[in-house]
Amino acid sequence: MLTNNAELQRYGSSSIPTLNAFTLKWVAIIGMVCNHISIAFDGLIPLWIDIPLFAVGGLTFPIMAYFAVQGYRHTRSLENYTGRLALFGAIAIPFHALVFGSWGLNIMFTIIVGLLCLWLHDKMINKRLQWQFWLIFAGICGVITWLPLHVDWSAIGVIVLVLAHVIPHETARRVVPPLVAAGAWLLPSATAALSGDFSSISIFSVVFSLGSVLAAGLLYGYNGQRGPRMKWTFYIAYPAHLAAIGLAALALGLTHFPPPPNIHAFFPWL
């Protein structure tokens, strides 16, 4: 398993073509912006533009998940790391609701849950509690799946993060999680096609899954080099782009602030 930058650089030096972390992160940011433009301005953008805009969003999370895992491995303080994610995730909540038309936990919180699972994994594996970890992990994924409040990427997002950490071989650790993500997005449409229910096939889910496949190829070409530092770029870009897109859609009458979530859906005894 590759555990430091020097090893990553030696591994990645023969990859053709080679991409550094700076380039890959910008690809992820651009894909994210394009995808959210597609969502916010759906119906206003011609379909032949809307579909590719949505598709490139499939690149974003697999790339960011891989680098989130690298951040977990090299951070000096997991508390500070998750704190930054929580801060900018909280700032983004109202703008995320504008873009998506409903309240939910954005991708920053999905990453936080994934990182906490990585921490739990490492602690429990060191104590020879491997099967107990996977049992707890299955429970966490179940809670995320059935939680009334929408969580970006749902359980598959957490699964992708964990796979990017626990798979021992570097090539597989880069390639397999995006392909798992692609399969998860493609599965409903593939199931519908096999059952003959072609009306339930979502072209947007299909092309989004292709974006995740492309992410696997890009991560395979990662050369292990950081490139220019961009520590705060993604943190700032996430709420900033959602604010710009959401407020523009609001001004055009394409969206509105959704009503607050029903607290009784979470606490029915109240």
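**Helix packing exercises**

Helices here are DSSP runs (H or I, at least four residues), numbered from the N terminus. A quick note on the ground rules: this is a predicted model, where local features need pLDDT of at least 70, side-chain atom pairs count only at pLDDT 80 or more, and totals for chains, interfaces and linings use all residues. Residues are numbered from 1 along each chain, and side-chain values use heavy atoms, with hydrogens and water left out.

**Exercise 1.** Work out how H3 and H10 are oriented to each other.

*Step 1.* Get the geometry: H3 (residues 47-55) packs on H10 (residues 203-220) at about 45 degrees, axes 7 Å apart. Axes are lines fitted to C-alpha atoms over the stretch in contact, and angles run from 0 to 180 degrees between N-to-C directions.

*Step 2.* Classify: under 35 degrees is roughly parallel, over 145 roughly antiparallel, 65 to 115 roughly perpendicular, and the rest oblique. H3 and H10 are therefore oblique.

*Step 3.* Find the contact (heavy atoms within 4.5 Å): H3 brings Leu47, Asp50, Ile51, Phe54 and Ala55, while H10 brings Ile203, Phe204, Val207, Phe208 and Gly211.

**Exercise 2.** Do likewise for H5 and H11.

*Step 1.* The axes of H5 (residues 78-100) and H11 (residues 233-251) come within 8 Å and cross at roughly 10 degrees.

*Step 2.* So H5 and H11 are roughly parallel to each other.

*Step 3.* Their contact includes Tyr81, Leu85 and Phe88 of H5, and Tyr238, Pro239 and Leu242 of H11.

Methods:
Helices (H or I, at least four residues) and strands (E, at least two) are DSSP runs, numbered from the N terminus.
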